[in-house]
Amino acid sequence: MTALVVSELRKSFGGLHVTRGVNLNIEPGERRLIIGPNGAGKTTLFNLITGEISPDAGSIQLLGKDITSVPSRRRPHLGLARTYQIITLFPNDTILHNVSLALLGLSPLRWNPFIDMKRQGHIVEDARAALKQVGLDKIAERPLAQTSYGERRRVEIAMALAQKPKVLLLDEPFAGLSIDERRDVHQCLMAIPRDVTMIMIEHNMDVALEFAERITLLHFGEVIVEGTRSDVVNDPRTREVYLGH
């Protein structure tokens with residue numbers, strides 16, 4: 001069963017065509033890199049896959065199920081999780097509480113306004129396990145405001161992993177990180193088991209190319225090159241898009 005299939009996906013905002021018949025076929029366990037210059041439609045593609053915006057045409061299949069019309073709130077229940085280019089966390093809460101809230105969003109308990117998180121041992125336990133995956137279990141009780149930017153990136157990844165996704169979308173996880181922070185996040189991602197398929201948008205090519213097994217190059221909303229690392233890096237169309245010649 002294919003992990004994710006995107007077929008002829010199209011989206012326009014007024015007269016601006018952001019995705020133009022995009023096709024993707026991503027196998028289980030694959031590490032796929034989505035690249036392209038600013039305005040290529042990369043984040044819009046992620047927003048379409050997660051259901052935050054609706055396509056004008058085309059379809060999306062997740063693990064063999066057509067999710068094109070499935071509401072965005074339901075897609076995490078089907079095995080899809082995502083991180084964002086801009087980190088949006090709760091700075092006054094602890095790291096552990098931030099991850100616990102992500103898990104609560106998948107539980108029927110989220111509708112209870114009087115819930116005491118301290119009594120939800122299974123949720124807290126799963127949150128701690130996700131933090132251990134990203135190497136932050138030792139500082140789980142630290143307020144988020146007292147963490148570095150790189151640690152916050154890893155908290156966001158932990159929030160996604162806590163949902164036990166089958167397909168994980170990563171929107172520029174290395175953005176704004178120092179060399180040491182990039183190393184930590186890279187190690188964290190490389191340690192994620194193969195039962196999680198990962199699709200990454202990234203501008204930092206040196207780090208991203210180590211991650212990717214197959215690469216898709218978007219330009220003006222279209223897939224213009226796709227293949228292995230060497231295929232894409234050596235393709236003259238890639239050099240034209242990035243270097244102008």
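Predicted model: local features only at pLDDT ≥ 70, side-chain atom pairs only at ≥ 80, totals over all residues.

Student: Which strand is Arg-82 found in?
Tutor: Arg-82 belongs to strand E6, residues 80-82. Strands (E, at least two residues) and helices (H or I, at least four) are DSSP runs, numbered from the N terminus.

Student: Which side chains have a polar contact with Arg-82?
Tutor: The side chain of Asn-47 has one with Arg-82, of 2.6 Å, and the side chain of Asp-171 has one of 3.3 Å. A polar contact is a pair of N or O atoms within 3.5 Å; within protein, one must be able to donate a hydrogen and the other to accept it, and residues adjacent in sequence count only if both atoms are side-chain atoms.

Student: And what else does Arg-82 touch?
Tutor: Not counting residues up to four places away in sequence, Arg-82 touches residues including Thr-43, Phe-46, Glu-52 and Leu-168. Contact means heavy atoms within 4.5 Å.

Student: Changing topic, what is the order of the six strands in the open sheet?
Tutor: The order is E6-E7-E8-E3-E9-E10, with mixed pairing. E6 and strand E10 (222-228) stand at the edges with a single partner strand each, so one side of each is left without a neighbour in the sheet. From one strand to the next, the twist averages 15°. Two strands pair if DSSP finds at least two bridges between them.

Student: How many bridges join E7 to E8?
Tutor: Five bridges join strand E7 (residues 167-171) to strand E8 (residues 197-201), and the two run parallel. Within this pair, Leu-170 has Met-200 in E8 as its bridge partner.

Student: What is the order of the open sheet of four strands?
Tutor: That order is E2-E1-E4-E5, and the pairing is antiparallel. Strand E1 (residues 4-13) is joined to strand E4 (residues 57-62) by five bridges, and Leu-4 stands opposite Leu-62 in E4.

Student: What about Glu-8, is it buried or partly exposed?
Tutor: Glu-8 counts as partly exposed, at 39% relative accessibility. Glu-8 is found in strand E1, and its phi is near 50°, a positive value in a residue other than glycine.

Student: Now the helices. How do H2 and H4 cross?
Tutor: The axes of helix H2 (residues 95-104) and helix H4 (residues 149-162) come within 8 Å and cross at roughly 35°. Axes are lines fitted to C-alpha atoms, for helices over the stretch in contact, and angles run from 0 to 180 degrees between N-to-C directions.

Student: Which residues meet there?
Tutor: Ile-95, Asn-98, Val-99, Ala-102 and Leu-103 in H2 meet Val-155, Ala-158, Met-159 and Ala-162 in H4. By class, this contact of H2 with H4 has eight nonpolar, one polar and no charged residues. Here Ala, Val, Leu, Ile, Met, Phe, Trp, Tyr, Cys and Pro count as nonpolar, Asp, Glu, Lys and Arg as charged, and the others, Gly among them, as polar.

Terms used
Residues numbered from 1 in each chain as written. Heavy atoms only, no water. Buried < 20%, exposed > 50% of the residue type's maximum accessible area, 1.4 Å probe, protein only.
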